[in-house]
Each structure stands twice: as C-alpha cells, then as structure tokens.
Amino acid sequence: MSTQPLSPPPDTAVERVVTIGQAIPGFPELSELAIMPIDGYGMFVWLTSPETFDVAFLAVNPFPFFPEYDVELSDVDEALLAAERGDDLIVYCLVTVDRASGQATANLLAPVVVNASRARALQVILEGEHPLRAPLEAPGVETPTAEPS
C-alpha cells in the first residue's frame, strides 16, 4: 500500500491564485491557494500552495454529482470572502480517494468557496445535514484517477 500523498504533476498549469480568508483547519500556514484544473472543464482541480506542492487537495465541482446540493453562506462567510452581489462564486468540495478500493468521496459538509471576482477563498462549514464522505458517482461523469507523484 502506497503512503505517498496525492499531488499535482509538476506541469499542471495554475489557473488563478486566491487568498484564504480564514485558515483551512489543520493548515494554518496556508494563506493562499493555487487553483490548477485537472480536466478541460474545471470540474476537478487541485487546490495547492502556490509556493510548493507540499499541501495539495483534490477538489471537485459538486453540482454535476449532487444537483440538489445547496451552499448557504452566513453573513460572516460573505464578509470573509468580500462577496458582493454579482461576484462569481465557485464551490469546490475536497475529495478523498480510498487507495484500496479506488472509491472517491466528496466532503459536502465543508466546501471551499472561491470568490473569483475578488481572488478570495474560504472553507465553510455548512449548517444542516451534509455528508462528510459522499460517494462521487454520476451518470456520464468520469472521476479522474489520481496517481501518487
């Protein structure tokens, strides 16, 4: 069994860099995220440190997989994102891949919301019942395989 972390290939292009409004739990040193698309559609991305690939998260646009998924931001979250009416907000859910089974799951409880208009990001914890590990399965949508580097 491999214990190497997943990380983006070195030739993956950075789409944009955003400032994190509040530290991602467990990663207080991470103040910015580079968004690196994996596929041509931006459905799967790497969220990583722009300085180093030491910290990298596989993430997914959840809506093709979970069409009923709804992200309600609190006033505090909106302030941390500097969100204003008309801003382009993008939602990503962090993905975990079970190395033994290859099953990918998405964290619907704590998505990363990106305000593309203001280059800010925030991992929010949603109210209500959202699964921490929702299986990624959708007709016609192929989950990419993430190979260790």
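**Stop one: the aromatic rings**

The count of aromatic pairs comes to four, where rings of Phe, Tyr and Trp (its six-membered ring) pair if their centres lie within 6.5 Å, with planes under 30 degrees apart called stacked, over 60 edge-to-face and the rest tilted. Select F27 and F57: the ring centres are 5.0 Å apart and the planes sit at 90 degrees, so this pair is edge-to-face. F27 is in the loop between β1 and β2 while F57 is in strand β4 (residues 56–60), so the pair ties together parts 30 residues apart in sequence. Strands (E, at least two residues) and helices (H or I, at least four) are DSSP runs, numbered from the N terminus.

This is a predicted model, in which local features need pLDDT of at least 70, side-chain atom pairs count only at pLDDT 80 or more, and totals for chains, interfaces and linings use all residues. Residues are numbered from 1 along each chain as its sequence is written, and side-chain values use heavy atoms, leaving out hydrogens and water.

Next, pick F44 and F65, with centres 5.9 Å apart and planes at 75 degrees, so again edge-to-face. Ring pairs link F44, F65 and F66 into a cluster.

**Stop two: R118**

Jump to R118, in the loop between β7 (112–115) and β8 (120–123). Beyond its neighbours within four places in sequence, R118 is in contact (heavy atoms within 4.5 Å) with L81, A82, E84 and D87. Zoom in on A82: the R118 side chain reaches its backbone oxygen at 3.2 Å.

Technical notes
Polar contact = N/O pair within 3.5 Å; in protein donor to acceptor, adjacent residues only side chain to side chain.
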